[in-house]
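Dear colleague,

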Amino acid sequence: ILEAMASGLPVVVSNQCGSQDEVIHGETGFVTRDPAEFAACVNTLIQNEQLRSVMGAKARAYAEGQNWERILSQLMAVFYEIKRDWDGKGGY
């Protein structure tokens, strides 16, 4: 998601995944609730060049402001939490 945003592309994501945390709905892209809404948002971006351009610029600015060290630290924290849960339950 961040790579697309860094390339100046607005993104459309589902609210059922972690990607939604990186998208400012209506500014850097769209966070959608279902397949129909996802398709409608993609269609809106395809048909509206000005909106696509403005959101793409905001997406790029957002991505440029991200710190990869912070992002990777957050990812590692999730892995460590999963590992703690795994170890506490004795694995599978």
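Predicted model: local features only at pLDDT ≥ 70, side-chain atom pairs only at ≥ 80, totals over all residues.

I begin with α3, which runs over residues 49-64 and reaches 22 Å from its first C-alpha to its last, close to the 22 Å expected for its 16 residues at 1.5 Å a residue. Its buried residues are Met55, Gly56, Ala59 and Ala63, and because they cover an arc of only 110° around the axis, they lie on the same side of α3. Gln50, Ser53 and Glu64, by contrast, are exposed on the other side of this helix. If you look at what the buried residues of α3 pack against, you will find α1 (2-6), β2 (29-32) and α2 (35-47). At the start of α3, the backbone nitrogen of Gln50 has a side-chain oxygen of Asn48 within 3.3 Å.

The other helix, α2, has 13 residues and spans 18 Å between its first and last C-alpha, which is close to the 18 Å expected at 1.5 Å a residue. Here the buried residues are Glu37, Cys41 and Leu45, and they are placed on the same side of α2 because their arc around the axis is only 75°. On the other side of α2, the exposed residues are Pro35, Ala36, Ile46 and Gln47. The buried residues of α2 are covered by elements that include β1 (11-14), β2 and α3. Where α2 starts, a side-chain oxygen of Asp34 comes to within 3.1 Å of the backbone nitrogen of Ala36.

Technical notes. Residues numbered from 1 in each chain as written. Heavy atoms only, no water. Helix = DSSP H or I, 4+ residues; strand = E, 2+ residues; numbered from the N terminus. Expected span 1.5 Å × (residues − 1). Buried < 20%, exposed > 50% of the residue type's maximum accessible area, 1.4 Å probe, protein only. Arc of directions from axis to C-beta. Contact = heavy atoms within 4.5 Å. Polar contact = N/O pair within 3.5 Å; in protein donor to acceptor, adjacent residues only side chain to side chain.
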